[in-house]
Amino acid sequence: MIARRLGSLGALAAAALLLADCANDPTPPPTSNCGPASAKVIEVVDGDTIVLEGGQKVRYILVDTPEITKGKNDCYGQEAATFNKSLVFDQQVDLAYDVQCQDMYGRLLAYVSVQGREVNSLLVERGYGCVLHISPDGDARVGEFNALQTQAKADAVGLWGACTTGKCFQ
């Protein structure tokens with residue numbers, strides 16, 4: 001009987017040590033079928049594209065910001081990139097995916113949030129970009145994003161007050 005109790009206590013002690021060891025052991029973040037559920041941002045390419053630790057590029061769903069890459073310097077492009085960087089650079093972000101995992105360039109397609117704030121909708125709401133809906137991704141939320149864009153235009157926020165030409169005006 002005493003041996004049985006000691007055996008049970010020994011098993012409990014071993015389990016407790018194992019759990020404590022696991023708590024100190026960093027494990028990779030959970031993933032979805034598309035990619036990581038969260039990751040650290042190591043680079044901001046422009047207003048709507050980031051690079052995660054590990055090298056994966058992420059393109060924001062439902063947002064298109066003025067271009068600053070490949071020799072382009074569109075009106076409000078630098079402001080969009082700077083705003084994006086102020087939110088996500090060197091931060092742990094949460095990623096939520098929709099229907100398609102990647103675009104034709106191999107970038108992950110996601111809604112990106114940092115500290116509970118979704119960056120995709122903030123970019124449109126504050127006039128750093130416009131709505132780009134490529135179905136099927138964004139089908140459930142395109143109305144919400146269009147409403148944010150309509151309000152930003154009406155208030156002449158961001159690029160809507162600073163620019164007269166560019167992809168958002170086509």
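1. Contact here means heavy atoms within 4.5 Å. In this predicted model, glutamate 118, which lies in strand β6 (residues 117-118), is in contact with Tyr111, Val112, Ser113, Arg141 and Phe145, once its neighbours within four places in sequence are left aside.

2. Glutamate 118 counts as buried, since its relative accessibility is 15% and the cut-off for burial is under 20%. Its side chain is joined to that of arginine 141 by a polar contact of 2.6 Å. Arginine 141, which counts as partly exposed at 23% relative accessibility, also meets the side chain of glutamate 144 in a salt bridge (2.8 Å, N to O), and glutamate 144 is itself partly exposed at 38%.

3. The geometry of helix α4 (residues 142-154) is consistent with its length: at 1.5 Å a residue its 13 residues should span 18 Å, and its end C-alpha atoms are 18 Å apart. The residues Val142, Phe145, Gln149 and Ala152 of α4 are buried; seen down the helix axis, the buried residues fall within an arc of 85°, so they line one face of α4. The face turned away from this buried side carries the exposed residues Thr150 and Ala154, while the cover over the buried residues includes β5 (108-114), β6, α3 (119-125) and α5 (159-162). Just after α4, alanine 156 takes a positive phi of about 55°.

4. The largest nonpolar core has 39 residues, and those with the most contacts inside it are Ile50, Val88, Leu95 and Val112; the largest share of this core, six residues, comes from β5. Not counting residues up to four places away in sequence, leucine 95 touches residues including Pro36, Leu52, Val58, Ala110 and Val112.

5. Of the eight salt bridges that the structure holds, one joins the side chains of lysine 40 and aspartate 90 (3.0 Å, N to O). Because lysine 40 lies in strand β1 (residues 38-44) and aspartate 90 in the loop between α2 (77-88) and β4 (92-96), the pair ties together parts that are 50 residues apart in sequence. Lysine 40 is partly exposed, with a relative accessible area of 28%, as is aspartate 90, with 44%.

6. A further salt bridge is formed by the side chains of lysine 167 and glutamate 67 (2.5 Å, N to O). Lysine 167 lies in the segment after α5 and glutamate 67 in the loop between β3 (57-60) and α2, so this pair ties together parts that are 100 residues apart in sequence. Lysine 167 is partly exposed at 25%, whereas glutamate 67 counts as buried at 17%. Both residues belong to a network of salt bridges that also links Asp48, Arg59 and Asp64.

How values were computed:
Residues numbered from 1 in each chain as written. Predicted model: local features only at pLDDT ≥ 70, side-chain atom pairs only at ≥ 80, totals over all residues. Heavy atoms only, no water. Helix = DSSP H or I, 4+ residues; strand = E, 2+ residues; numbered from the N terminus. Buried < 20%, exposed > 50% of the residue type's maximum accessible area, 1.4 Å probe, protein only. Polar contact = N/O pair within 3.5 Å; in protein donor to acceptor, adjacent residues only side chain to side chain. Expected span 1.5 Å × (residues − 1). Arc of directions from axis to C-beta. Core = buried A, V, L, I, M, F, W, Y, C linked by side-chain atoms within 4.5 Å. Salt bridge = Lys/Arg side-chain N within 4 Å of Asp/Glu carboxyl O.
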